[in-house]
Amino acid sequence: MEENTKIPQHVAIILDGNGRWAKAKGLPRNYGHKQGAKAVEDILVVARDMGIKYLTVYAFSTENWNRPETEVTALMMILRQYLKSSIKKSMKNNVRCQVIGERSKLSADIQDAINELETATAGNTGLTFTIAINYGSRDEIVRAVREISQECSNGKISAADITEQMISEHLDTSNIPDPDLLIRTCGEQRLSNFLLWQCAYTEFYYTDIAWPDFDEAELQKAVDAYAGRNRKFGGLKTEPEE
């Protein structure tokens with residue numbers, strides 16, 4: 001990588017294609033999910049070494065409950081194993097972990113594992129790793145609106161006090177910056193209810209590579225593509241004076 005290459009501060013990834021990757025190899029979908037979890041571990045270290053400060057991954061959406069019960073059960077088992085193993089690895093790599101999404105529908109042991117992981121890594125000062133579990137952006141926004149509405153009802157604020165900043169502060173991602181770059185794997189080109197508010201000015205990068213095959217070289221391609229973009233945030237590009 002060239003020294004003047006722009007590195008995105010925050011990268012968000014929609015981990016797509018685990019099942020299709022496994023099916024193409026004649027293997028069970030659950031094997032694809034296991035390999036996908038391993039790919040997350042690998043890319044986390046790569047992202048840290050590149051200088052990325054925040055990495056957010058879409059692990060399980062609010063809509064994923066509609067998948068076959070056997071697949072959901074397998075995904076929850078993989079999640080349990082991942083959360084358990086993440087503490088040691090995160091401490092070794094100075095990674096701070098947090099989970100976003102509605103936790104109440106998750107089993108008690110998974111909620112406990114999430115709390116344990118967040119507590120154990122809270123003091124780490126390296127990359128912040130955010131895992132979206134039972135997360136849906138519309139659900140997140142509804143929860144934020146309810147909280148703000150309650151504050152209005154209690155007289156803490158008035159409707160005139162509501163700003164974009166206030167809404168952002170009531171979202172699950174209130175403690176991290178909006179993504180600079182969003183990556184989606186396996187050829188799909190949609191947000192699928194992921195970080196809708198936060199991605200207002202995010203750069204998108206799509207690749208046909210399935211998530212289990214997404215490695216350092218593929219992340220580098222995405223970062224290089226980002227480095228070539230001109231982020232205007234609604235303004236006009238300013239040309240340097242001669």
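Contact here means heavy atoms within 4.5 Å.

Before going on, a word on what you are looking at. The model is predicted, so local features need pLDDT of at least 70 and side-chain atom pairs count only at pLDDT 80 or more, while totals for chains, interfaces and linings use all residues. Residues are numbered from 1 along each chain as its sequence is written, and side-chain values use heavy atoms, with hydrogens and water left out. Helices (H or I, at least four residues) and strands (E, at least two) are DSSP runs, numbered from the N terminus.

Now to the geometry. Two packed helices are described by the angle between their axes and the distance between the axes. The axes are lines fitted to C-alpha atoms, for helices over the stretch in contact, and angles run from 0 to 180 degrees between N-to-C directions. For α3 and α4 (residues 108-121), the axes come within 10 Å and cross at roughly 15°. α3 and α4 are therefore roughly parallel to each other; angles under 35 degrees count as roughly parallel, over 145 as roughly antiparallel, 65 to 115 as roughly perpendicular and the rest as oblique. The crossing of α3 past α4 is left-handed. A crossing is left-handed if the near helix is turned anticlockwise from the far one by less than a right angle, and right-handed if clockwise.

Helix α3 (residues 69-93) also packs against α2, at an angle of about 25° and with the axes 10 Å apart. α2 and α3 are therefore roughly parallel to each other too, but here α2 passes α3 in a right-handed crossing. From α2, the contact takes in Arg 29, Asn 30, His 33, Lys 34, Ala 37, Val 40, Glu 41, Val 45 and Arg 48, which meet Glu 71, Ala 74, Leu 75, Ile 78, Tyr 82, Ser 85, Lys 89 and Asn 93 of α3. By class, that contact has 7 nonpolar, 4 polar and 6 charged residues.

One residue of this contact is worth a visit. His 33 sits in helix α2 (residues 29-50). Is His 33 buried or exposed? With a relative accessible area of 9%, His 33 is buried, where buried means under 20% relative accessible area, exposed over 50% and partly exposed in between (1.4 Å probe, protein chains only). Its side chain makes a polar contact with the side chain of Glu 71, at 2.9 Å. A polar contact is a pair of N or O atoms within 3.5 Å; within protein, one must be able to donate a hydrogen and the other to accept it, and residues adjacent in sequence count only if both atoms are side-chain atoms. Setting aside residues up to four places away in sequence, His 33 touches Asn 18, Gly 19, Arg 67, Glu 71, Leu 75 and Ile 78.

Gly 32 also lies in α2 and is buried, at 0% relative accessibility. Beyond residues up to four places away in sequence, Gly 32 touches Asn 18, Trp 21, Ala 22 and Pro 212.

Follow α2 to its contact with helix α7 (residues 216-227): the axes come within 10 Å and cross at roughly 45°. That makes α2 oblique to α7, and the crossing is right-handed. Ile 43, Val 46, Ala 47 and Met 50 of α2 make this contact with Glu 216, Leu 219, Gln 220 and Val 223 of α7.

Finally, turn to the backbone. Most residues other than glycine have a negative phi, and most peptide bonds are trans. Asn 134, in strand β4 (residues 128-135), has a positive phi of about 50° although it is not a glycine. Leu 195, in the loop between β5 (181-184) and β6 (203-206), has a positive phi near 50°.

Notes
Ala, Val, Leu, Ile, Met, Phe, Trp, Tyr, Cys and Pro count as nonpolar, Asp, Glu, Lys and Arg as charged, and the others, Gly among them, as polar.
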